[in-house]
Amino acid sequence: MADTGQILEEGEKGEKGERAEQGEEGEHEEGETRAGSLLSLPSQLVVAVGLAVIVAAVAVHLGMAFLNVSPANTASKQYSEAIDDYIYPEFERNWKLFAPNPLQQNIAVQVRAEIRTPEGGTATTGWRDLSAQDGAAIRHNPLPSHTQQNQLRRAWDFYLLSHDAQERPNGLRGQLSAQYLRRLAILRLGLKQDGGTVQRIQLRSLTRQLAAPSWSEEKIDTRPTRRELPWWPITDADLPEAKRR
């Protein structure tokens, strides 16, 4: 009899356990149903479309970046123009930092402006050192921005690589590089200088070779060399939309 009572007790416990598990499963399914009903069908479609657009945009960006830095192949040759239009100048990659012979120059990019005075005449401002402004913003800053570190330097390099010594473009990217540098300079300089309105700007660089360390016998000429670009007129196309005249 004792054995029969034990068996009945265990059977009751098993039935109670099964009912408890079924109850938990039912509550879980009801919770999922309530969670799914929080978004209507149109909202779910909007979310799905948004995710699809984001995934597609990321895939396109990664594909373009990969084709840009990978060795020449059939795809990169066939679509080289589209790849260049997408990559340059915002997403251009530069691996000089890891080169065996890193840059050994200090390059200061400066700008001046020709302004129209309130009296209707013209005047020329002094040179403003844009590189020094970036250097001051970076110095003692533990987390300097990518813009302060690289934007001006890369814009100047971009121009030099696409122009010869007579400032003539040596390829299709010449006009783009000049336009990019001009827009960057006027954005830093502003449209108002010395009480007048900027009409034209001119850029130049002062390049100095880094001196050799004291323990080296290498002789390096550290005198600065200058490169002056022609005067560029400022048009509405060079200005941000909010500042167009």
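1. Strand β4 (residues 192-193) and β5 run antiparallel and are joined by 2 bridges, where helices (H or I, at least four residues) and strands (E, at least two) are DSSP runs numbered from the N terminus, and two strands pair if DSSP finds at least two bridges between them. Within this pairing, Lys-192 has Thr-197 of β5 as its bridge partner. The hairpin of β4 and β5 has 2 residues between the strands, and Asp-194 in it takes a positive phi near 55°.

2. On provenance, this is a predicted model, in which local features need pLDDT of at least 70 and side-chain atom pairs count only at pLDDT 80 or more, whereas totals for chains, interfaces and linings use all residues. Residues are numbered from 1 along each chain as its sequence is written, and side-chain values use heavy atoms, with hydrogens and water left out.

3. The protein chain holds 7 helices and 7 strands, and from the N terminus on these elements follow the order α-α-α-α-β-β-β-α-α-α-β-β-β-β. Of its 245 residues, 22% are buried, a term that means under 20% relative accessible area, with exposed meaning over 50% and partly exposed in between (1.4 Å probe, protein chains only). The chain exposes about 17,300 Å², of which carbon and sulfur atoms supply 56%; the areas come from the Shrake-Rupley method with a 1.4 Å probe, and for residues only the protein chains shown count as cover. Among contacts (heavy atoms within 4.5 Å) with a separation of 6 or more, 57% are between residues 24 or more positions apart.

4. Strand β5 (residues 196-209) pairs with β1 (residues 105-116) in the antiparallel sense over 12 bridges.

5. The β1 and β2 hairpin has 5 residues between the strands, and Gly-120 takes a positive phi near 100° in it. Strand β3 (residues 128-129) runs antiparallel to β1 and is joined to it by 2 bridges, with Val-111 opposite Arg-128.

6. The geometry of helix α7 can be checked against its length: at 1.5 Å a residue its 17 residues should span 24 Å, and because its end C-alpha atoms are 24 Å apart, the two agree; the expected span is 1.5 Å times one less than the number of residues. Buried residues in α7 include Gly-174, Ser-177, Ala-178, Leu-181 and Arg-182. Just after the helix, Gly-190 takes a positive phi of about 95°.

7. Leaving aside neighbours within four places in sequence, Trp-232 is in contact with residues including Tyr-159, Ala-178, Leu-181, Ile-201 and Leu-203.

8. Ser-162 is found in the loop between α6 (146-161) and α7 (173-189), and it is buried, with a relative accessible area of 5%. Its side chain is joined to that of Ser-177 by a polar contact of 2.6 Å, where the term denotes a pair of N or O atoms within 3.5 Å; within protein, one must be able to donate a hydrogen and the other to accept it, and residues adjacent in sequence count only if both atoms are side-chain atoms. Leaving aside neighbours within four places in sequence, the contacts of Ser-162 include Arg-168, Pro-169, Asn-170 and Gly-174.

9. Gln-148 lies in helix α6 and is partly exposed, with a relative accessible area of 25%. From C-alpha to C-alpha, Gln-148 and Gly-135 are 7.8 Å apart in space and 13 residues apart in sequence.
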